[in-house]
Amino acid sequence: MDLSNCTIGYGVTGSFCTMEKSKSCLRRLARQGATIVPIFSYNVQKMDTRFGRAKENIEEIQDITKNKGIFTIDEAEPIGPKNHLDIMVIAPCTGNTAAKFNLGITDSPVLMAAKAHIRNQKPLVIALATNDAMGANFKNIGELMNTKNVYMVPLRQDDYRKKPNSLVCDMEQIEMTIISALSGKQIPPVILAPVEN
């Protein structure tokens, strides 16, 4: 599928250890000619971590996409009435964000953007990365997998011995998940074999 005529909302939340892989995905989408609108959670906007500084991450993502980001709930809300996104991706999507979206909580720009977008009956792709996926968050993830217009990037246990509840998506499959979601289909299989450490 040609993504050159596709407008993608790209929400970025605070699974900072997967940020570089998310940026690599953004570069691939940009090379395909997609119009990408970055949307930043409040934590991504303000938290400096061992995986990078907030300001530098935001500048790099805006440079890759060639678009100014969405930084506030007020800026995200018009995504609904304007109806200008073909698809929205949250990559990485923390367990916190997934749980709040499942429960209808919209207290960040990414959550407001997702809520505003999905009201238009268009696909939302979730690229999950969370240490509590198979713990406290398992029920939320299960419900999201059964929610109309929500599609999951295939995921796996990334360290089943030291972090048995952790699941991280395969960021290399974001593009194929987008293409499949635009056709109304979930890319299979959703659950991949675990990483051997």
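How are the helices α1 and α3 oriented to each other, roughly parallel or oblique? In this predicted model, their axes lie 9 Å apart and meet at an angle of about 15 degrees. α1 and α3 are therefore roughly parallel to each other. Angles under 35 degrees count as roughly parallel, over 145 as roughly antiparallel, 65 to 115 as roughly perpendicular and the rest as oblique. Axes are lines fitted to C-alpha atoms, for helices over the stretch in contact, and angles run from 0 to 180 degrees between N-to-C directions. Helices (H or I, at least four residues) and strands (E, at least two) are DSSP runs, numbered from the N terminus.

Residues are numbered from 1 along each chain as its sequence is written. The model is predicted, so local features need pLDDT of at least 70 and side-chain atom pairs count only at pLDDT 80 or more, while totals for chains, interfaces and linings use all residues; side-chain values use heavy atoms, with hydrogens and water left out.

The crossing of α1 and α3 is left-handed. A crossing is left-handed if the near helix is turned anticlockwise from the far one by less than a right angle, and right-handed if clockwise. On the α1 side, M19, E20, K23, L26, R27 and A30 take part; they meet N57, E60, I61, I64 and T65 in α3. Contact means heavy atoms within 4.5 Å. By class, the residues of this contact divide into 5 nonpolar, 2 polar and 4 charged. Ala, Val, Leu, Ile, Met, Phe, Trp, Tyr, Cys and Pro count as nonpolar, Asp, Glu, Lys and Arg as charged, and the others, Gly among them, as polar.

α6 passes α8 in a left-handed crossing. From α6, the residues A98, A99, F101 and N102 meet N140, E143 and L144 of α8. This contact of α6 with α8 divides into 4 nonpolar, 2 polar and 1 charged residues.

Burial in α8 involves N140, I141 and L144. They cover an arc of only 95 degrees around the axis, which puts them on the same side of α8. The arc is that of the directions from the helix axis to the C-beta atoms. Buried means under 20% relative accessible area, exposed over 50%, partly exposed in between (1.4 Å probe, protein chains only). The cover over the buried residues of α8 includes α6, β4 (124–130) and β5 (150–152). Helix α6 also holds T97. T97 is buried, with a relative accessible area of 7%. Leaving aside residues up to four places away in sequence, T97 touches T13, I90 and L111.

Helix α9 (residues 174–182) has 7 of its 9 residues buried, so it is largely enclosed by the rest of the structure. The buried residues are I174, E175, T177, I178, I179, S180 and A181. They pack against β1 (7–12), α1 (19–31), β3 (87–93), β4 and β5. G184 follows α9 and has a positive phi, near 80 degrees.

Strand β7 (residues 167–169) contains L167. L167 counts as buried at 5% relative accessibility. Its contacts, not counting residues up to four places away in sequence, are L128, A129, T130, A133, M134, L155, R156, Q157 and D158. L167 and I191 are 24 residues apart in sequence, and their C-alpha atoms are 9.5 Å apart in space.

The peptide bond from A91 to P92 is cis, with omega near 0 degrees. P92 lies in strand β3. The bond from P188 to P189 is also cis, with omega near -15 degrees. P189 sits in the segment after α9.

K66 belongs to the loop between α3 (54–65) and α4 (73–76). K66 is exposed, with a relative accessible area of 64%. N83 is found in the loop between α5 (79–82) and β3. N83 counts as partly exposed, at 35% relative accessibility.
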